[in-house]
Protein chains: 2
Amino acid sequence: MSEAPREIEELISLMAKLPGLGPRSARRAVLHLVKKRALLLTPLSGAMQKVAETARECVSCGNIGTTERCDICTSEKRAIGEICVVEDVADLWAMERARVFRGRYHVLGGTLSALDAIGPEDLGIPKLVNRLKDESVTEVILALNATIDGQTTAHYIADELEGRGIKVTSLAQGVPVGGELDYLDDGTISAALRARKSL
Amino acid sequence: MSEAPREIEELISLMAKLPGLGPRSARRAVLHLVKKRALLLTPLSGAMQKVAETARECVSCGNIGTTERCDICTSEKRAIGEICVVEDVADLWAMERARVFRGRYHVLGGTLSALDAIGPEDLGIPKLVNRLKDESVTEVILALNATIDGQTTAHYIADELEGRGIKVTSLAQGVPVGGELDYLDDGTISAALRARKSL
């Protein structure tokens, strides 16, 4: 399809690689950008360049920041006794939005997978174990996704941490806030029933 | 939400202004970009800057190109007797993808709207009338969307062109190729029936 100039076709094909955008919506987005050149296209190009230059992984937790160690790792307000293990930076951000966890994080960057040949080293699990030795950690909270891969990884980490005198916990499973039983899957309902609490 | 560094939050808020992306999918797209910095983020920033610098509206038809007059307007292979009037550059691209029209275009950039105070001048309709005088045009094809606004605009243009000895046509309405009657709206079916053809 060569109906647009080469420069624009190139931009469309790059935009189409973004998650959530296909060829058609990338085309629409690029037309919108060309129309809003001063308001959106130029600032967006600049913002991308700035992120490309400054963004980096935190050496201790794997969060994305602009410094060697991220704001959370260096914050004095954060409890150093608790480490929350998440699969991805997006999950770390989701936890932060909830504004309830005040410790620090460890980002795995994925889950264990025999099929994709992703082992404990690829996820920085030995690095996590080292952190526990060096830092005075008392609790590791496994906040992995409630998927089979996530739970397999959680069990592997729990096994690795056994016998080190560290409390290993995981997020509770149950009915989401605002959730209607009628729309929940069987697995969630049975998990919620098994974990029932006395009022 | 300030869980990410300022530079990244800025990029997310700009990305969220693209059509088809909301705050959540913009966040996901930006995380993807940060992970694929060399492969995607840097090239995308560069491609945007290049488009910001080079893209411009064709002075005669309103198409987006990189030169004063676009490739279609300057092409010698294009019939100069036919002008296809479209609402938007996206519609021009859609027509070009069909590879059946070999004339030139006129992009209105919208439709007439009393509510939004968009009059004939805003759509370059006088400019279109002038083009017809200067260029030896024999047919104007109105390829406007089959919406109320599109059809109102089509009728206005048809009225303007009356008595100038120019043939004014519009795209046929009917059953789309591959369309199943059961899934078509009543309007399309009655339009197709009224425009029925003998085999």
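In this predicted model, the largest nonpolar core holds 78 residues. Among its members, Ile8(A), Met15(A), Ile8(B) and Met15(B) touch the most others. Nonpolar side chains tend to be buried together in soluble globular proteins. Setting aside residues up to four places away in sequence, Ile8(A) touches Val30(A) and Val34(A) in chain A. Across in chain B, Ile8(A) touches Val51(B), Ala55(B), Ile64(B) and Trp93(B).

At the interface, 49 residues of chain B are in contact with 49 residues of chain A. About 4,900 Å² is buried between the chains, with 74% of it on carbon and sulfur atoms. Glu3(B), Met48(B) and Trp93(B) supply 14% of the area that chain B buries against chain A, more than any other three residues.

Polar links also cross the interface. The count of salt bridges between the chains is 2. In one salt bridge, the side chains of Asp88(A) and Lys35(B) meet at 3.2 Å, N to O. Polar contact is found for 7 residue pairs across the interface.

On the side of chain B that touches chain A, two or more residues come from each of H1 (6-15), H2 (23-35), H3 (37-54), S2 (64-65) and H5 (89-98) of chain B. H3(B) gives the most, with 14 residues.

Notes
Residues are numbered from 1 along each chain as its sequence is written. Chains are lettered from A and ligands numbered from 1 in the order in which they are written. This is a predicted model: local features need pLDDT of at least 70, side-chain atom pairs count only at pLDDT 80 or more; totals for chains, interfaces and linings use all residues. Side-chain values use heavy atoms; hydrogens and water are left out. A nonpolar core is a set of buried Ala, Val, Leu, Ile, Met, Phe, Trp, Tyr and Cys residues joined through side-chain atoms within 4.5 Å. Buried means under 20% relative accessible area, exposed over 50%, partly exposed in between (1.4 Å probe, protein chains only). Contact means heavy atoms within 4.5 Å. Buried area is the accessible area (1.4 Å probe) that two parts lose on being put together, summed over both. A salt bridge is a side-chain nitrogen of Lys or Arg within 4 Å of a carboxyl oxygen of Asp or Glu. A polar contact is a pair of N or O atoms within 3.5 Å; within protein, one must be able to donate a hydrogen and the other to accept it, and residues adjacent in sequence count only if both atoms are side-chain atoms. Helices (H or I, at least four residues) and strands (E, at least two) are DSSP runs, numbered from the N terminus.
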